Amino acid sequence: MNRLYFRLAVTNLKNNRQFYLPYILAGMVSAMMFYIMRAIQGSDGIAAMRGAETVYIMLTMGLVIVALCTGIFLFYTNSFVMKRRRKELGVYNILGMEKKHIAKVMAWEAVILYAFTVCGGLVLGIVFHKLVAMFLVKLIGMSESIPFYVSGWGCLQTAELFGLVYVLMLFYNFLQVSLANPIALLHGNNVGEREPKVRWIAALSGIGCILTGYYLAVTAQGILEAVNMFFAAVILVIVGTYALFLSVSIAFLKMLKRNKKYYYQTAHFITVSGMLYRMKRNAVGLANICVLSTMVLVIISTTVCLYMGGEDSIRNNFPSEIITTLYFDRIPTQDDREFIANQIADVAQRQNRELTSVSEYANIVSLVHMEGNVVERYDNTDPSYGFEDMGMLYVMARADYEKFTGHVYEPIAQGSVLVTASNAFDADVIRIFGTDCLVAGKMPFSEEFPDKEIQMLLGSQPMIYIVVEDALALEPFLSGEVQYHMEIDTDGSIEERKAFAAAVRETLETCRKKIAFTSGMVTSRTEQRKEYMELNGGFLFLGLFLGILFLMITVLIIYYKQISEGFEDRERFAIMTKVGMGREVVKAAINTQVRTVFFMPIIVAVLHLAMAFPMLKTIMFVFGLMNTELFVGCLIVTAAVFAMIYFIVFQATSRSYYKIVYT
């Protein structure tokens, strides 16, 4: 008896191969991707590499996302397949098969599908694992190679994940069959539909969500604000997108229908009336396509931009080869500065390095609250102070300020200061920590000031620079943190510059007691370049991996939507031709509907991407990428390539649709 159920299952899968073949292929690719990520994550070669922690975290994120998306996607496509098979299952029931017998056939089908998916996916994963691992190593700039091996844990976890998904889908299908009567199954695809009603509250709420999300994306200032608002904006836009396709589109079509002059034309009549029912049935699918398309565009464009702009990021974050920051509890004297400079010069001489440029300056940095012309210390324990009330105060001596800006200023009288602020400042007197100072001059704020990353971090919060005459005039501001900065450029190979940075660290640590600084930090651009390559290469790998996964899911949803609509529209097409409408007129109207519905998601996705650009650009500053032209170029190229792929998918799936409808 079990052999009979097995044969029926095989026959059903063969007869429905139009639905199941893409389903199996997509499952195999998903299983392959999950196995490859798990195998790379567990590789001893990766674990032994420098920067393995970063790669491990990214691969773990990828595994979680792939697992979730695969489960959701397989459930989604399963619903398409089951919808088309209701009539077939109803026939079985009417011919005398009990529901428990149908359940056994479905169980065998699930076992066969699971076997093809997991076995095929693992074979592909094992075959392509080495190639993908080599690609990852190339992206992150590692010289080591990853040996080929078969991951036992990868195979086991892939089998467990897909086994769980298929078991849950099987129980879901059992539930559908057990709750439906044979007549309902037999006529499941022929149930009459009422004209959809406009849900004005949902429509207006959807528009409100999208506009609010757009507003947050466009108006976010500063990195922290952009990051904090990003997820809120994403959720609002996703909710609004579903409402857009579910309610707003129907409301718009209803408005066209009320326009008698427009509606009562043959082409418009067929198109609008057909679109009403098409949007009712496929709104969720179209919204899914739109959201997935947006995710593909955002993920690939940003990760490609990060990788291509890696050198720009390094240059922005590390403008010099060696950057040292020493922290004092006093103002460093001229003797302190000369001692530090001599020590570094000695290191360069011992290592035969030429110092091509050396710049240095000192400043006092304080967290402050600024209101009007009054600057007070920021008290993070005061409940009346929020993050939006925090600003940064930098105090510098005139000599340091002149070295930094390259401009010469007149001597500053005692009790007076020069002021430059990120926010408008027009007062003639400024009160700093309870002391009134005359404003001797107001200088334009420049983005080239030190700690410009702090400026982007704060966004709309104020930054203010106070310039005084000399070190003696700095004394009243000593409650802040005293920083002494040196930026050094040198010649030499990569290894020689690394050795020079290590020697500078060792020298400064040795003479720390003599010059009495409390702590210090030395960063090397050459050393950081390696970490940036690992980080950005890992992001690109993850972005391409997930982009391919989301693109595959998008293509499969489009395919199933086209096939499902083809069977539904075939009967409508036949009815319209039987009642006397010209075949060409009906064909033209259906073509218009297909194109409109098909290209609506990508148009909305590109609009989402355009509105998200200001927020994404700000978030890219986190990685030191300030090359707006490069980011715009990556967005445009990604959108163009995706649109081309989308059009090719449209052409391919439309052939299947038209073949069903017109035969």
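This is a predicted model: local features need pLDDT of at least 70, side-chain atom pairs count only at pLDDT 80 or more; totals for chains, interfaces and linings use all residues.
The largest pocket holds about 1,500 Å³ of space, where a pocket is an open set of points on a 1 Å grid over the protein atoms alone, with protein on both sides within 12 Å along at least five of seven lines. The volume is the space filled by probe spheres set on the points, which are joined across faces, edges and corners. Residues are numbered from 1 along each chain as its sequence is written, and side-chain values use heavy atoms, with hydrogens and water left out.

Lining this pocket are 43 residues (those with an atom within 4 Å of a point), and nearest its centre lie Phe 230, Val 234, Met 295, Val 298 and Ile 299. At least two lining residues each come from H4, H8 (200–219), H9 (223–258), H11 (266–308), H19 (525–578) and H20 (583–620), helices being DSSP runs (H or I, at least four residues) numbered from the N terminus. H11 gives the largest share, ten residues. By class, the lining has 35 nonpolar, eight polar and no charged residues (nonpolar: Ala, Val, Leu, Ile, Met, Phe, Trp, Tyr, Cys and Pro; charged: Asp, Glu, Lys and Arg; polar: the others, Gly among them).

The largest cavity contains about 140 Å³. Of its 14 lining residues, Asn 78, Met 106, Ala 110, Leu 113 and Asn 173 are the closest to the centre. Helices H2 (17–41), H4 (52–94), H5 (99–139) and H6 (152–179) give two or more residues each to this lining, which divides into ten nonpolar, two polar and two charged residues.

Elsewhere, H13 (residues 334–350) meets H17 (residues 494–510) through contacts (heavy atoms within 4.5 Å) that join Ile 340, Gln 343, Ile 344, Val 347, Ala 348 and Arg 350 in H13 to Phe 500, Ala 503, Val 504, Thr 507 and Leu 508 in H17.

Notes. On a 1 Å grid over the protein atoms alone, a cavity is a set of points where a 1.4 Å probe fits but cannot get out, and a pocket is an open set with protein on both sides within 12 Å along at least five of seven lines; lining residues have an atom within 4 Å of a point.
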